[in-house]
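Student: I am new to this structure and would be grateful for a close look at a single part of it. Please take me through that part and then through what surrounds it.

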Amino acid sequence: MPGQRIDVHTHAMPEQAMATLATRGFRPRGGYKMSVQWTPEAALAYMDRRDIAAQIVSMPMAFAGSPDDPEFGTRMSRMINEWNAELIGKHPDRFGAFANLPADGPDQALAELSYALDELRLDGVVLTSNMAGHYFGDPALEPVLAELARRQVPVFVHPTDCPYIDVLGFGRPSSIVEFPFDTARTITNALYTGVFQRHPGLRLILAHCGGALPTLGWRIGEHTVMGRGPDDADIDPSHVAQVLRGLYYETALAGSRNSLLPTLEVTTPDHILFGTDWPAAPEPTVVRNIDNLTSFDGFTAQQLRAVERDNALKLFPRFA
C-alpha cells in the first residue's frame with residue numbers, strides 16, 4: 001500500500017539514456033554507481049517498503065554537445081524529459097519528475113525548459129551545482145535562472161563534479177565530500193554575485209541538506225563585512241541569512257544530527273524536505289538515514305510529518 005512520504009531526491013535512469021552514454025565512454029568516476037537497476041516495478045516495490053507515497057525523480061547530469069555532435073546535450077535532455085512524462089502518465093499518483101536542461105547554451109536550455117514545463121507538464125527542473133563548469137552567478141546561466149525565478153518553479157540543485165575533480169577527488173567517489181562542497185560553492189557564488197537580489201523568486205531545493213553550506217552560513221555572511229571582491233554584489237550578513245532561510249533543504253544522506261542541527265541554524269523545519277538518494281544510495285543506507293531522521297529529537301511529531309510530506313505538498317500540490 002502507498003505510504004505518506006514524498007521523496008524529492010531519487011534517481012531514475014532511463015535505459016536508453018544510459019546506453020547512449022555508454023557508447024560515448026561514460027563511466028561513473030571512483031566506482032560510484034547505482035545500487036540496483038532502476039525499473040518502475042523496482043521503484044514501486046521499494047516505495048511501498050519505505051512508506052513512500054510518491055517520488056520526484058531526476059537524472060542530475062548536465063549534458064553538453066561536442067564539436068562532432070553539437071546537439072548531444074539537447075537531444076539527451078529531450079529523451080529523458082519525454083521518458084519522464086511517459087512514466088508519470090502511467091503512474092501519475094506515484095511519480096513526478098524534475099526536467100533536465102541541456103548545457104549547450106541559454107537558448108537551448110530555455111527552449112527545453114518551456115517544452116518540459118508547458119508541454120510535458122513536468123513538476124520542476126533539476127540543475128547541477130555547475131553546468132559544464134558554469135556555476136550559479138555565471139552570466140551563461142543568468143537567462144535560465146531569470147526564467148526559473150519568473151515561473152517560481154521548484155528547482156532541485158544536485159551536486160556534480162567540480163572542473164578540477166581529477167586533482168581534488170583523490171580517485172574516490174565524489175559523493176563523499178566533493179559533492180557537499182560543490183553545493184556550498186555554487187550557492188556562495190550566487191550570493192556574492194547578487195543572484196538572489198536579481199531573482200528573489202527562485203525556489204531552490206538543495207540536495208543533502210545543502211552539503212557544507214549550513215555549517216559555513218555564518219562565515220559566508222561575516223565575510224561580506226570583512227571584505228568582498230571588487231566585483232561582488234553589495235550584500236551583507238542579513239541578506240545571506242535571509243537567502244539561506246528561504247532555501248529548501250532535503251534529507252538524503254543528511255538525516256542525522258550532524259546535518260540537521262546546522263540546517264536548523266539557518267532555516268526552519270518548514271523548509272526541510274524528505275529525500276533518500278535511492279538507488280544511488282543502497283537501501284540499507286537509506287534505512288539508516290530514515291532511522292536517524294525519525295529519531296531526531298529536534299522535530300515535534302507535527303514537524304516530522306511536515307518534513308516527510310506536508311512541506312513537499314506546498315511545492316508539489318498535485319500529490320495532495
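Tutor: In this predicted model, the largest cavity is lined by M59, P60, M61, A62, N100, L101, V126, L127, T128 and M131. Its volume is about 40 Å³, and the structure holds one cavity of 30 Å³ or more. By residue type, the lining divides into eight nonpolar, two polar and no charged residues. The largest share of the lining, three residues, comes from strand 4, which spans residues 124–128.

Strand 4 therefore deserves attention next: five of its five residues are buried, so the strand is largely enclosed by the rest of the structure. Its residues point in two directions. G124, V126 and T128 point one way, while V125 and L127 point the other way, and all are buried. Of these, V126, L127 and T128 also belong to the lining of the cavity.

Strand 4 has partners in the sheet. Strand 3, residues 95–99, pairs with strand 4 in the parallel sense over two bridges, and F98 stands opposite G124 in strand 4. Strand 4 is also joined to strand 7 by four bridges, and these two strands run parallel.

Strand 7, in turn, is made up of residues 154–158. Five of the five residues of strand 7 are buried, so strand 7 too is largely enclosed by the rest of the structure. P154, F156 and H158 point one way from strand 7, whereas V155 and V157 point the other way, and all are buried. Beyond strand 7 comes strand 8, residues 203–206, which runs parallel to strand 7 and is joined to it by four bridges. F156 stands opposite I205 in strand 8, and the bridge partner of V157 in strand 8 is L206.

An open sheet of eight strands has the order 1-2-3-4-7-8-9-10, with parallel pairing. Strand 1 (5–11) and strand 10 (272–273) stand at the edges with a single partner strand each, so one side of each is left without a neighbour in the sheet.

L247 touches L206, and its other contacts, not counting residues up to four places away in sequence, are I187, F196, L204, L213, T267 and H271. The largest nonpolar core has 68 residues, and those with the most contacts inside it are I187, L191, L204 and L247. The largest share of this core, five residues, comes from helix 7. Apart from it lies another core, of 16 residues, among them F98, L273, L313 and F319. In soluble globular proteins, nonpolar side chains tend to be buried together.

V177 lies in the loop between helix 6 (165–168) and helix 7 (178–192), and V177 is partly exposed, with a relative accessible area of 39%.

Key:
Residues are numbered from 1 along each chain as its sequence is written. This is a predicted model: local features need pLDDT of at least 70, side-chain atom pairs count only at pLDDT 80 or more; totals for chains, interfaces and linings use all residues. Side-chain values use heavy atoms; hydrogens and water are left out. Two strands pair if DSSP finds at least two bridges between them. Buried means under 20% relative accessible area, exposed over 50%, partly exposed in between (1.4 Å probe, protein chains only). On a 1 Å grid over the protein atoms alone, a cavity is a set of points where a 1.4 Å probe fits but cannot get out, and a pocket is an open set with protein on both sides within 12 Å along at least five of seven lines; lining residues have an atom within 4 Å of a point. Grid points are joined across faces, edges and corners, and a volume is the space filled by probe spheres set on the points. Ala, Val, Leu, Ile, Met, Phe, Trp, Tyr, Cys and Pro count as nonpolar, Asp, Glu, Lys and Arg as charged, and the others, Gly among them, as polar. A nonpolar core is a set of buried Ala, Val, Leu, Ile, Met, Phe, Trp, Tyr and Cys residues joined through side-chain atoms within 4.5 Å. Contact means heavy atoms within 4.5 Å.
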